[in-house]
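Welcome! Take a moment to look over the sequence and turn the model around on your screen. Then let us walk through it together, one region at a time.

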Amino acid sequence: MNILGISAFYHDSAATIISDGEIIAATQEERFSRIKNDASFPARAIEYCLQESLLEPDMIDAVVFYDKPWLKFERLLETYCAYAPRGLRSFLAAIPVWLKEKLFLKSIIKRELQKIGFETIPTLLFSEHHLSHAASAFYPSPFERAAILTIDGVGEWATASISLGEGRNIEVLRELHFPHSLGLLYSAFTYYLGFKVNSGEYKLMGLAPYGDPESAEVAHYESIITNELIDIKDDGSIWLDQRYFSYATSLKMVQDKTWARLFGFERRQPSDKILTKHCNFAMAIQRVTEKVVLNMAKEAKRLTGCDHLCMAGGVALNCVSNGHLMNAKVFDQLFVQPAAGDAGGSLGAALAAHHIFFEQDRAPTPDTDAMRGAYLGLAISEPDIQRTIRKYNAKSHYYSEQDLYAYTAKQLEQGLIVGWVQGRAEFGPRALGNRSILADARNPKMQSKLNQKIKYRETFRPFAPSVLAEYVDDYFAVHHSSPYLSPYMLEVQNVQPHRQVIYPQNETPLSMIDKLYRPHSDLPTTTHVDYSSRIQTVHQQTNMRYWKLLDAFKQKTDCAVIANTSFNVRGEPIVNTPDDAYRCFMQTDMDILVMGDCVFIKAEQPNWPEQRQQQAECGLD
């Protein structure tokens, strides 16, 4: 049985194909269209999935969409009625779009499928949004029985859910409904700090550690949040006072003037300097988020009695909260879907149809998950690399596999920045060693160089350490034995025992910039100001080539850690093809590009006419 799952028309559209319950291919449309968070129908993603699966359109048994548009329309109508006359202008703008397009989504999907070769439309199914999230987390997990927690902005009505997964069944036990949403609360703070909603939330998370945890200002902001904006219940549910929000009736998250009076400062504009109050503001909402997620997890434990927890939804990408939850030891083991956002809904919809609608049994593997390391996207090929070389008259060098690892490790040791493109692209927002930019985590100048000269992004943002799984305890305080979280760069833990003291006794508190440019550990590129790191453990079973590169680096330097960031610049999707990679390589200050067994040295390449002149050319992300 071959099932195609689709997510589309909101953000992060994607496609997935499963065959007899096995995940064959999954990818986001943005990787092909080169439009960040592309929401359009994932035609190119579907075409790729068909090619990778060796399937023709007439071999697909069912197509499953990741949510139910009629339920979403019901929520829209009821919300506008409840808040009338507020939001009349937004209502008048939204309704024609729904009446013209979104209510006829079935027809739109059929028409788009016909454009890419579906002469006969297979069975067309619709899964509820949070069921898609729950299925994407539980079914690929290694657990026979587990609690499932999904948290995001909003699906149809649900904004969070607690379910019990057992065998092939998922039973929804509790739901939190719109407009009370932890994800939308976090996005409101993302907006007020001048970042882009639905893509800039991780910036808020990265900014939070620059706040002063002992300051009266953090405590003040947190008090306002918990006394004015949100009522946090012991069972994990929340209630948001809608007098302070406008997302239910308009396209804006909040009314700027209302929040300015409440918090005592105006909304930060994207071009404004980040001040101490902004860092403290971010820390306050991050603390509240961690508290709510922990409460929800405790309620999931109480309702299910399970030892294992699976998570999905956009809030599950908050890796700081994930680390906090793991350290609280509410559950023995935690599995977070690596494509936890809406892109992963395509996978969950397909799996839900397979196991629930078609009643197919499930056979989890206790020692590993079914995500294949999240390497489910387009594979680079030698012919594509050669076509790229000819197209740009590029100069390359071929290395045998073993020599390639030794050569690349030497370049990293010497302080060069390497683009590393291998095998199949990752599914989800993280680069996990197949579409990555790599650097020496020990180099104190590397964080600034990567941010300013390569990524064209804010200097405060840290980079993730990729560490050989066998040595993770030598560098990081991982307080659990679960192998299911760290491989996907979804857990933050503290660095140990390599810390460096950055606050000498009796010193005046440091500014954000002073904190940023003082080394915090022997791995300054990947150590945040609070001594934390977003860990990726690298395993032979899922990515042998990347493991061998790290092993070669350790043999040369006695360090099992390198800095890893996604191969893209600000405002652009992660590179997908050799052509994407070469263009990005030439438009930045990267030193070396490694694609397959071919090495490209920047100094040897022909002049590039499209060299980026300044950071401003890159859009917001």
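## A mixed sheet and its helices

Strand S17 (residues 435–439) and strand S21 (residues 561–566) run antiparallel and are joined by 4 bridges. Within this pair, Ser436 has Ser566 of S21 as its bridge partner. Helices and strands here are DSSP runs, numbered from the N terminus, with at least four residues for helices (H or I) and at least two for strands (E). Two strands count as a pair if DSSP finds at least two bridges between them. As background, strands of a sheet pair through backbone hydrogen bonds, either parallel or antiparallel.

S17 and S21 belong to an open sheet of 9 strands, in the order S14-S23-S22-S15-S17-S21-S18-S20-S19, with mixed pairing. At the edges are strand S14 (397–398) and strand S19 (491–494), each of which pairs on one side only. Helix H15 (residues 401–413) packs on this sheet and touches strand S15 (418–421), S17, S21, strand S22 (592–595) and strand S23 (598–601). The direction of H15 makes about 150 degrees with that of S15. Helix H16 (residues 446–455) packs on the sheet too, touching S17 and S21, and its direction makes about 135 degrees with that of S17. Touching, or contact, means heavy atoms within 4.5 Å. Axes are lines fitted to C-alpha atoms, for helices over the stretch in contact, and angles run from 0 to 180 degrees between N-to-C directions.

## How to read the model

This is a predicted model, in which local features need pLDDT of at least 70 and side-chain atom pairs count only at pLDDT 80 or more, while totals for chains, interfaces and linings use all residues. Residues are numbered from 1 along each chain as its sequence is written, and side-chain values use heavy atoms, with hydrogens and water left out.

## A strand inside

Buried means under 20% relative accessible area, exposed means over 50%, and partly exposed is in between (1.4 Å probe, protein chains only).

S11 pairs in the parallel sense with strand S6 (residues 145–151) over 4 bridges. Here Leu149 has Met311 of S11 as its bridge partner. S11 is also joined by 4 bridges to strand S12 (residues 333–336), and these two run parallel.

## Two crossing helices

The axes of helix H6 (residues 129–138) and helix H13 (residues 343–357) come within 7 Å and cross at roughly 85 degrees. H6 and H13 are therefore roughly perpendicular to each other (under 35 degrees counts as roughly parallel, over 145 as roughly antiparallel, 65 to 115 as roughly perpendicular and the rest as oblique). On the H6 side, the contact is made by Leu131, Ser132, Ala135 and Ser136, while the residues from H13 include Gly344, Leu347 and Ala352.

Ser136 of H6 is buried, with a relative accessible area of 0%. Beyond its neighbours within four places in sequence, Ser136 is in contact with Ala312, Gln337, Gly344, Leu347 and Gly348.

## The nonpolar cores

How many residues does the largest nonpolar core have? It has 137, and those with the most contacts inside it are Leu4, Ile46, Phe189, Leu229, Phe245, Trp259 and Phe263. Helix H11 (residues 276–304) gives the largest share of this core, 13 residues. Apart from it lies another core, of 61 residues, among them Ala409, Val467, Phe476 and Cys598. A nonpolar core is a set of buried Ala, Val, Leu, Ile, Met, Phe, Trp, Tyr and Cys residues joined through side-chain atoms within 4.5 Å.

## Loops worth a look

Phe178 lies in the loop between strand S8 (169–177) and helix H7 (182–192). A cis peptide bond, with omega about 10 degrees, joins Phe178 to Pro179. Phe178 is buried, at a relative accessible area of 10%. Phe178 and Ala248 are 70 residues apart in sequence and 8.6 Å apart in space, C-alpha to C-alpha.

Finally, compare two residues with a positive phi that are not glycines: Asp12, at about 55 degrees, and Asn393, at about 50 degrees. Asp12 is buried, with a relative accessible area of 17%, whereas Asn393 counts as exposed at 61% relative accessibility.
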